[in-house]
Amino acid sequence: MAKISACIVAYCDYDEVCTAVRSILAHTPGPDFRLYVVDNASPDGCGEKLAGTPFGDSRVEVVRLPHNDGFGSGHNSVLDRLDSDVHFILNPDVVLEDDILDGMADWLMNHPAVVMATPQLHFPDGRIQHLPRRKPRITAMAVRQFPVLVEKVGFFRRINERYTMQDEDLTKPQPIEFCTGSFMAVRTDVFRKVGGFDRDYFMYVEDADLTQRVLCYGKVYLLPQFTAIHAWHRDPVRDKRKFWMQVRSMVLFFKKWGFGSSPVPNNP
């Protein structure tokens, strides 16, 4: 069985983080499992509360960072501590209902050409989230900033459906070009080789960038036989400051990877 680790980066919302942590511990029985909960200098005291919370499980380690340098940097802070075969990058709004971490890790180890994977995520009400994607293109990412247009205008809806691979059979394992940062399983050695997340991204699109770099070492897959719940708050749609933060990250991505649709070839 593969040795696994996981990391959640928290920023405020103590109760949600605790729900995620407890669900992960309850559904991941391996004694060698290690769960890092990194607090990104939450201003509401979340980090202090987490450090003082008796989760009743020695497999949890709370890491309190003095500064918030972004989502990716928070995950990178534990990179040097990892001694696992497969590492999971998880959002604090994810809830497990089964032991899928072990299952996904074993699937990866049994498919040596695959270096990263994501499960099928669902909203709490059971609706499927269309998170597996093709390589980002500026038209698709621009359209997605206006969900009303995507819902009501056929042209925009078709752009979004192609971007989110709704023209493929996603009921079986499929290669993808953009793995969501809300739930990633990545070979730890590959995560270390690429240096973790690019610190130039504070938040948003850093998962697309990481996927492109990981694709240099192998394939990335959707594994729909594994499922989890993801609240998916969609902050950029509601928050102007976070919207412009996402725009900045999009500019960084396209400057780095170009505007074409071709994925990165599988060679380092």
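This is a predicted model: local features need pLDDT of at least 70, side-chain atom pairs count only at pLDDT 80 or more; totals for chains, interfaces and linings use all residues.
## Helix α7

Helix α7 spans residues 154-163, and its buried residues are G154, N160 and Y163. The packing partners of the buried α7 residues are α5 (138-143) and α6 (147-152).

## Strand β8 and its pairing

Strand β8 covers residues 183-187; five of the five are buried, so the strand is largely enclosed by the rest of the structure. Burial holds for both directions in which its residues point: F183, A185 and R187 face one way, while M184 and V186 face the other.

Strand β4 (residues 86-90) runs antiparallel to β8 and is joined to it by five bridges. Within this pairing, V86 has R187 of β8 as its bridge partner. Strand β6 (residues 114-122) also pairs with β8 in the antiparallel sense, over two bridges. Here M116 is opposite V186 of β8.

## Nonpolar cores

In soluble globular proteins, nonpolar side chains tend to be buried together. The largest nonpolar core of this model contains 41 residues. V21, L35, F88, L101, M104 and F183 have the most contacts inside that core.

M104 can be followed through its contacts beyond neighbours within four places in sequence: F88, A117, T118, P119, F183, A185, L223 and F226. Among these, F183 and A185 belong to the set of β8 residues that point one way from the strand.

Key
Residues are numbered from 1 along each chain as its sequence is written. Side-chain values use heavy atoms; hydrogens and water are left out. A nonpolar core is a set of buried Ala, Val, Leu, Ile, Met, Phe, Trp, Tyr and Cys residues joined through side-chain atoms within 4.5 Å. Buried means under 20% relative accessible area, exposed over 50%, partly exposed in between (1.4 Å probe, protein chains only). Contact means heavy atoms within 4.5 Å. Helices (H or I, at least four residues) and strands (E, at least two) are DSSP runs, numbered from the N terminus. Two strands pair if DSSP finds at least two bridges between them.
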